[in-house]
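Here is a briefing on one protein chain. Keep the sequence and the 3D view open while reading.

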Amino acid sequence: MRVSNLELLVSKPHKHQHSGNPYRVSIEVHLPRNRRLVVNEEPAVVEQESNLRTVIEAAFSVMERRLQSAGEPRRRDALRPADEEPRGLIVRLFPDEGYGFLRTPYGEEHYFHRNSVLHDNFDRLAVGTEVRFEPEMGDAGPQASSVQIVNKPGARETEDTQARDDVPAEWRNTAS
């Protein structure tokens with residue numbers, strides 16, 4: 001998972017001698033699409049006489065679990081450079097049901113619904129159509145919104161699609 005910023009705050013609040021001086025650790029991680037995860041290891045969670053290393057390790061362990069659960073469906077998407085426009089090829093289409101799936105060059109598949117296709121162009125889609133889209137996380141996994149046709153199958157092959165091995169045969173230009 002791509003992390004754009006990580007903030008770590010360690011504090012040792014002043015307490016009376018008989019109650020000990022537990023450390024407090026707060027970790028805030030900023031993720032793409034203005035999401036963030038926060039972990040606060042409070043004295044109630046950690047033993048009163050814990051050393052600093054133990055408290056930090058506990059906080060990072062909690063953050064690691066949260067990052068894994070937040071990022072598991074998007075793990076392959078982390079390979080895509082942040083400034084690259086999300087594109088994919090239609091790999092499965094169910095016109096009667098009004099939905100389909102597209103695959104990115106990084107192997108990630110996204111579900112999309114006919115209502116997500118811009119300009120009412122769902123009926124113009126075919127397997128092999130190149131599209132640009134906005135990735136988002138849905139309840140059942142990665143979804144695509146704002147799907148827009150870039151190239152129709154066989155219309156023209158670009159340098160990007162020449163290097164891809166997931167491009168259907170009908171997409172390739174056969175004229176030499």
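Two strands count as paired if DSSP finds at least two bridges between them. By that rule, β7 and β8 pair in the antiparallel sense, and within this pairing Glu134 stands opposite Ser145 in β8. The model is predicted. The chain has two helices and eight strands.

**Overall layout**

- From the N terminus on, the elements run β-β-β-α-β-β-β-β-β-α.
- The chain has 176 residues, and 36% of them count as buried.
- Take the contacts with a separation of 6 or more: residues 24 or more positions apart account for 49% of them.

**Strand pairing**

- β7 and β8 are joined over eight bridges.
- The two strands form a hairpin, with two residues between them.
- β7 also pairs with β4, again in the antiparallel sense, over three bridges.

**Nonpolar cores**

- The largest nonpolar core holds 12 residues: Ile90, Leu93, Leu102, Phe112, Val117, Phe122, Leu125, Val131, Phe133, Ala144, Val147 and Ile149.
- Three strands each supply at least two residues of this core: β4 (87–94), β7 (130–138) and β8 (141–151).
- Which strand gives the most to this core? β8 does, with three residues.
- Apart from this core lies another one, of 11 residues, including Tyr23, Val25, Leu37 and Val39.
- Leu102, a member of the largest core, touches residues beyond four places away in sequence, among them Gly88, Ile90, Glu109, Phe112, Val131, Phe133 and Ala144.

**Surface patch**

- Leu6, Leu8, Val10, Leu52 and Phe60 form a nonpolar patch on the surface.
- Together these five residues have about 380 Å² of accessible area.
- β1 (5–11) and α1 (52–71) are the elements that give two or more residues to the patch.
- β1 provides the largest share, three residues.
- Leu8 sits in strand β1. Leu8 is partly exposed because its relative accessible area is 43%, between the 20% and 50% cut-offs.

**Salt bridges**

- The chain has six salt bridges.
- Glu85 and Arg132 meet through their side chains, at 3.1 Å from N to O.
- Glu85 lies in the loop between α1 and β4 and Arg132 in strand β7, so this pair ties together parts that are 47 residues apart in sequence.
- Both partners are partly exposed: Glu85 has a relative accessible area of 36%, and Arg132 has 27%.
- Glu109 forms a salt bridge with Arg103, and their closest N and O atoms are 3.9 Å apart.
- Glu109 counts as partly exposed at 30% relative accessibility, as does Arg103 at 26%.
- Asp123 forms a salt bridge with Arg114, with the closest N and O atoms 3.2 Å apart.
- Is Asp123 buried or exposed? Asp123 counts as exposed, at 64% relative accessibility, whereas Arg114 is partly exposed at 28%.
- Glu85, Arg87, Glu130 and Arg132 belong to one network, joined by salt bridges that share partners.
- Side chains of opposite charge can pair when their charged atoms come close.

**Positive phi in a loop**

- His119 lies in the loop between β6 (109–113) and β7.
- Phi of His119 is near 60°, a positive value in a residue other than glycine.
- His119 is exposed because its relative accessible area is 61%, over the 50% cut-off.
- Asp120 is also placed in the loop between β6 and β7.
- Asp120 is not a glycine, yet has a positive phi of about 55°.
- Asp120 counts as exposed, at 68% relative accessibility.

**Strand β2**

- Arg24 belongs to strand β2 (residues 24–31).
- The C-alpha atoms of Arg24 and Lys12 are separated by 6.1 Å. These two residues are 12 residues apart along the chain.
- Arg24 is partly exposed, with a relative accessible area of 28%.

Note on methods:
Residues are numbered from 1 along each chain as its sequence is written. This is a predicted model: local features need pLDDT of at least 70, side-chain atom pairs count only at pLDDT 80 or more; totals for chains, interfaces and linings use all residues. Side-chain values use heavy atoms; hydrogens and water are left out. Helices (H or I, at least four residues) and strands (E, at least two) are DSSP runs, numbered from the N terminus. Buried means under 20% relative accessible area, exposed over 50%, partly exposed in between (1.4 Å probe, protein chains only). A nonpolar core is a set of buried Ala, Val, Leu, Ile, Met, Phe, Trp, Tyr and Cys residues joined through side-chain atoms within 4.5 Å. Contact means heavy atoms within 4.5 Å. Patches are made of residues with over 30% relative accessible area and no salt bridge: like charges are joined within 9 Å, nonpolar side chains (Val, Leu, Ile, Met, Phe, Trp, Tyr) within 5 Å. Accessible areas come from the Shrake-Rupley method with a 1.4 Å probe; for residues, only the protein chains shown count as cover. A salt bridge is a side-chain nitrogen of Lys or Arg within 4 Å of a carboxyl oxygen of Asp or Glu.
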